[in-house]
Structures are given as C-alpha cells and as structure tokens.
Amino acid sequence: MGEISIKINIADRMYPLRVTAEEEEVIRHAAKLINEKIKELQDNYAVRDKQDLLSMCVLQYATGMI
C-alpha cells in the first residue's frame with residue numbers, strides 16, 4: 001500500500017512524515033502520548049525548556065522498555 005503525508009505535532013513543533021495508512025493511527029497515538037507526558041512533566045516540575053521536557057519524556061519511556 002502507498003504512503004500518505006501527515007503532519008505530527010510534538011512539543012509545539014510540526015513534523016511532516018510519510019507513512020503507510022496502517023501506521024498513521026499508531027503514530028498519531030504515540031505523538032498524543034508524548035505530548036501528554038510532556039504536559040504532565042511540565043505541570044509537576046519547574047522545567048519549561050521543551051528540549052529538557054522531551055529528554056525527560058524519552059528517558060521515562062526508555063526506562064519503561066528496559
């Protein structure tokens with residue numbers, strides 16, 4: 001099946017992607033989870049820098065996978 005173009009917003013930045021139709025729902029859900037985690041971290045810690053929040057988010061997801 002062919003690819004489609006989508007735009008994903010993560011941490012207030014837009015990322016254009018080309019994905020298969022089957023991947024679209026999973027990718028959109030993953031972006032939603034990332035944004036929710038960033039919001040949670042921002043609310044619970046005195047961190048405002050998006051790069052720091054993204055790093056904290058990735059660290060939590062990575063340690064959860066190990």
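I take contact to mean heavy atoms within 4.5 Å. I am working from a predicted model.

**Entry 1: K37**

I started with K37 and found that its place is in helix α1, residues 21-44. Is K37 buried or exposed? I read a relative accessible area of 17% for K37. Buried means under 20%, so K37 counts as buried.

Next I asked which residues K37 is in contact with, leaving aside its neighbours within four places in sequence. I noted C57, Q60 and Y61. With one of these, Q60, I also found a polar contact: the side chains of K37 and Q60 meet at 3.1 Å.

**Entry 2: the helix pair**

From K37 I moved on to the packing of its helix. I saw that α1 packs with helix α2, residues 50-65, at an angle of about 115°, and that the axes are 9 Å apart. That angle makes the two helices, α1 and α2, roughly perpendicular. Which residues make the contact? On the α1 side I listed L33, I34, K37, I38, L41 and Q42. On the α2 side I listed K50, L53, L54, M56, C57, Q60 and Y61. I also noted that α1 and α2 have a right-handed crossing.

**Entry 3: the hairpin**

Then I turned to the strands. I found β1 (residues 3-10) paired with β2 (residues 13-20) in the antiparallel sense, over eight bridges. I looked up S5 and found R18 of β2 as its bridge partner. How many residues lie between β1 and β2 in the hairpin? I found two, and in the turn A11 has a positive phi of about 55°.

Terms used. Residues are numbered from 1 along each chain as its sequence is written. This is a predicted model: local features need pLDDT of at least 70, side-chain atom pairs count only at pLDDT 80 or more; totals for chains, interfaces and linings use all residues. Side-chain values use heavy atoms; hydrogens and water are left out. Two strands pair if DSSP finds at least two bridges between them. Helices (H or I, at least four residues) and strands (E, at least two) are DSSP runs, numbered from the N terminus. Buried means under 20% relative accessible area, exposed over 50%, partly exposed in between (1.4 Å probe, protein chains only). A polar contact is a pair of N or O atoms within 3.5 Å; within protein, one must be able to donate a hydrogen and the other to accept it, and residues adjacent in sequence count only if both atoms are side-chain atoms. Axes are lines fitted to C-alpha atoms, for helices over the stretch in contact, and angles run from 0 to 180 degrees between N-to-C directions. Angles under 35 degrees count as roughly parallel, over 145 as roughly antiparallel, 65 to 115 as roughly perpendicular and the rest as oblique. A crossing is left-handed if the near helix is turned anticlockwise from the far one by less than a right angle, and right-handed if clockwise.
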